[in-house]
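Here is a set of exercises to work through with the model open beside you. Try each task yourself before reading its solution.

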Amino acid sequence: MASMSDKKRKNKPGQAKVFASNETLRRAEAASGIGAFEFDFTSKDWVWTPQVAVLFGLNPQSAPSQFNEWLLGVFPDDALKISSALETSKSSGNFYVEFRIKQADGRLHWLAGKGQVDPDTDSGAKVLRGTYYDINERKQLEARLLSVNETLEARVAELREEAHTLEVLNRTGIAIGAELDLERLVQIVTDAGVELSGAQFGAFFYNVIRDDGEAYTLHTLSGAPREAFAKFPMPRNTQIFEPTFRGTGPVRSPDILADPRYGKMEPYKGMPPGHLPVRSYLALPVLSRSGEVVGGLFFGHPQPGMFSARSERILIGLAAQAAVAIDNARLYQTSVREVAARRDAEEKLQELNRNLEQRVSQRAGELAASGIKLEESERRFRILVEGVTDYAIYMLDPTGTVVNWNPGAQRIKGYEREEIIGQHFSRFYTEEDRGNRVPYKAIETAARTGKYEAEGWRVRKDGTQFWASIVINAIRNSAGEIIGFAKVTRDLTERRATEARMQQSQKMEGIGQLTGGVAHDFNNLLTIIIGNLEALQRNLTEDGLDITRLKRSADNAMRGARRAESLTQRLLAFSRQQPLEPKSVDVGRLVTAMSDLMRRTLGEQIAVETVLTGGLWRAHADPNQLEVAIVNLAVNARDAMPRGGKLTLETANVHLDERYAAEQAEVLPGQYVMLAVTDNGVGMPSEVKAKAFDPFFTTKDIGQGTGLGLSQVYGFVKQSRGHVKIYSEVGEGTTVKIYLPRHHSNATDIVEESVQPVARGRKSETILVVEDDEDVRNYSSESLRELGYTVVEARNARTALQMLDRHPEVAVIFTDIGLPGGMNGRQLCEEARKLRPTLKVLFTSGYARNAIVHEGRLDPDVELLTKPFTQAALGEKVRDIIDAKSTPARVLVVEDETLIQMLATEYLEDCGIKVDTAGSAAEALNKLRLIPGGVDALVVDMGLPDRKGDVLVREVRSIYPTLPIVIASGQGRQELRKLFKQMASITFVKKPYSSEELKTAMRAIGIRC
């Protein structure tokens, strides 16, 4: 150590900084296993003797120079101990630490470091000087001593526990051996079981025979109050309880919540709410000498792993002791009951012998009187049944054979008593009903429920049919067995015919009122149109044309035509046949925009007030039709306030619950945006309010209104899947509340475009006009030619397909929906797109029916121009269709497996398709309704969580009949084709599928990929 000098500590870089010492010191260190070191806290210089490197498992010649690198060989958990000891030594002056070193062979070796912090004599810096030495043998010895101590303590604890167990068993055996009261006996056993097993609580469920011989189950508790189980039902034969109640053996579970047998039974699927917490579970059957299960011991603890095999063995012995004691107690109780019963029987027998003669005489008199009453009752019932001729009343045996027959049955059905008794009652049914087993199902229902009621056609003896009301009642004996059926049939043929005539009369009256109103208004409008056209013709033949008169006549005729157009739209709105284009509508903004218009229109006498709710939901409706509805309601409100008043428009978010919806017609529960239009006018009496929505019903003077305003509102709201309600009181005013379905998407408001000049075409753009009405076709073609387009004409679909083949330059088909020849406009579009997939189509119709409109809404891929239309409207629509850029296809993938959903999305997006996803059928239907513009195709998984894929496909097709669909399934193609054999535009891809297989399927349904 004499070489520990500054000169030695400041060796050149790369040379090992070791203590210079003589050979004697080196050998002493190697022999003792102790190595010396110095560590400068300021400069971090680390100086050591070779033995330190050996202790750390390093080569003294190549050991690193920095102490932090030496720590890499220390066991990770102990490296922090060394750093902490170094920090502590700075303030305390003493250094001591024990730690483990990882040897080259992977084993751990214990070392200790000890030293003292002194200032350096030259620099004054703090220097730690000390030694490292081997303590591995000491640590091994300490571990062995600790293990021996723990073993001794455990053995002593086991002996104490065994002594306690024997004491409890001995005490319990003595107690239950002398106890004959069953309730106290099972309490002793349960308490002992809790003490022996270390359970938190225990229970003993057992069977007791009552005095009347009935068995029932009681329970006794230990470690918990009886109230803790009072509100729960008795245990049932679940998979957990069954081994105990059947006596097949004990059940021990370290954690009952993790046991595969747990939670398999309704209604709780495990422990009911409020049950004491149980994790450790131990149950044992208690078997009598005969092998009968007399009860079960149950023990629980809120912590898992509390019951050992030893606990189970001890409690098996306790259960055996309990079984013997219970058998003894039962034998004693049985003997007591038998003695008491014998004594009671002897007393009753003696009493019976004393009164037997008197009782026999009394009973004979009662039977005689009862027989007379029964005969009289039967006689009166027979007279009653025989006297009824308007009803067929007869009896059937359990198989349905007729066993008696009244005169009413003979009159209604035509059979004599002798020819029908013994025949099966199915002969009264039609051939179709017998083929469908209706008579057999009727008596099966009556036997199951006690009664069967129905109406239907029945057959008389002569083969004629009559409409009958039928009631079949089951008749049972005192044992509850079916002994027959009572059948009552009434002929309702005449009443049914009367009701049918009445319904037809009401129907014709309604049609007459409707057609009369339509004829009246259209005759007025035609008078205006025809009269002005005649004036126009006269003026055109005169010399010196009066341009002013000609313009006035043309303007008057046009106004009449516009009024006819408005009348037609209102009729379509009432009949819910107008094609709506529902969008996301901000009703509050729409009302605000219209309020100024209404103030100017309604006049100064009417004050218009708006009450708008903050945070109003968006509604799903056609904004144009909503504006018309608001105007109609505002005009009606103005007319109800002839001396002026206040008109209030109010909005709110509302929820119509199931109870309210059930009380209304065609209302679904859910969230709605409410718009209320209120006036303080004259109000409506109840009879007027009841007819307010009827078409052409009006309280105004002749010529003051069509009576279609409120009917338009009603039809529009119902077609929008909404609800409308009138609240009115005479002299107080009227409120009309419109409820429109909430729209859940974040759609932006539609910005109105400024008025543009009439859109024109180019000669290079060719339009194929398909219209069967020659005048309409000529008007359409001339209008398009005037706008600069080249026009090709066809009067039906077949001709149109031929013209399309001859004119490949056709860019747009403009077709009427209703075409002659067996192919309508929609079918023409489908055939044309098979030849030209990118061909654009514009439909026109005055009444779209179901070809392109479903549930009042245009199909997603349809463009429609309603008749009548102007040249400007036609030009704008055609221009929009031609100029519309081809957007990427949009596909909805319906798949509940997230990974497959992500994979399909990646495949489709690779070929430029926009993808939306849904994880269930319900989510898919909601997205189809909310996605603006709809989707071009569906990819549907057959196994969805809320319903099968084929059910979803049928639901989708009922709303979107032409939407292309790809079915993804592991089933075979043949099986799937059978399932969807009636559906077009459907193809299949087998799971698992590749990118190319999915793309091929998309191309098969017309999606570019």
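## Exercise 1: The nonpolar cores

Task: find which residues Ile 630 is in contact with, leaving aside neighbours within four places in sequence.

Solution. Step 1: take contact as heavy atoms within 4.5 Å. Ile 630 then meets Leu 590, Val 591, Met 594, Met 598, Leu 649 and Leu 675.

Step 1: A nonpolar core is a set of buried Ala, Val, Leu, Ile, Met, Phe, Trp, Tyr and Cys residues joined through side-chain atoms within 4.5 Å. Buried means under 20% relative accessible area, exposed means over 50%, and partly exposed lies in between (1.4 Å probe, protein chains only). The largest such core has 36 residues, and Val 587, Leu 626, Ile 630 and Leu 647 touch the most other members.

Step 2: look for another core. A second, separate one has 28 residues, including Val 189, Val 294, Ala 322 and Ala 329.

A word on the model before going on: it is predicted, so local features need pLDDT of at least 70 and side-chain atom pairs count only at pLDDT 80 or more, while totals for chains, interfaces and linings use all residues. Residues are numbered from 1 along each chain as its sequence is written, and side-chain values use heavy atoms, with hydrogens and water left out.

## Exercise 2: An open sheet

Task: work out the order of the five strands in the open sheet.

Solution. Step 1: recall the terms. Helices (H or I, at least four residues) and strands (E, at least two) are DSSP runs, numbered from the N terminus. Two strands pair if DSSP finds at least two bridges between them.

Step 1: read off the order, which is E2-E1-E5-E4-E3 with antiparallel pairing. Strands E2 (46-48) and E3 (94-102) are at the edges, each pairing on one side only. On average, neighbouring strands here are turned by 25° against each other, direction ignored.

Step 2: zoom in on one pair. Strand E1 (residues 34-40) is joined to the antiparallel strand E5 (residues 126-134) by seven bridges. There, Glu 38 is opposite Arg 129 of E5.

Step 3: H5 (residues 76-92) lies across E3, E4 (108-119) and E5, and runs at about 170° to E3. Such angles run from 0 to 180 degrees between N-to-C directions, with axes fitted to C-alpha atoms, for helices over the stretch in contact.

## Exercise 3: Aromatic rings

Task: describe how Phe 37 and Phe 95 form an aromatic pair.

Solution. Step 1: apply the cut-offs. Rings of Phe, Tyr and Trp (its six-membered ring) pair if their centres lie within 6.5 Å; planes under 30 degrees apart count as stacked, over 60 as edge-to-face and the rest as tilted. The whole structure holds 25 such pairs.

Step 1: classify this one. With 6.3 Å centre to centre and 80° between the planes, Phe 37 and Phe 95 are edge-to-face. Phe 37 in strand E1 and Phe 95 in strand E3 are 58 residues apart, so the pair links distant parts of the chain. Both Phe 37 and Phe 95 are buried.

Step 2: widen the view. Phe 37 and Phe 95 belong to one aromatic cluster, whose members also include Trp 46, Trp 48 and Tyr 132.

## Exercise 4: Strand E15

Task: find which residues stand opposite Ala 486 in E15.

Solution. Step 1: list the pairings. E15 (residues 482-491) is antiparallel to E11 (residues 391-396), with six bridges. E14 (residues 465-476) is also antiparallel to E15, with nine bridges.

Step 1: check the hairpin of E14 and E15. Five residues lie between the strands, and Gly 480 has a positive phi near 85°.

## Exercise 5: Backbone exceptions

Task: where is Arg 437 in the chain, and is Arg 437 buried or partly exposed?

Solution. Step 1: recall the background. Most residues other than glycine have a negative phi, and most peptide bonds are trans.

Step 1: Arg 437 has a positive phi near 60°. Arg 437 sits in the loop between helix H13 (431-435) and helix H14 (438-449), and counts as partly exposed because its relative accessibility is 44%.

Step 2: finish with a peptide bond. The one from Lys 991 to Pro 992 is cis, with omega near -10°. Pro 992 is in the loop between strand E34 (986-990) and helix H30 (995-1004).
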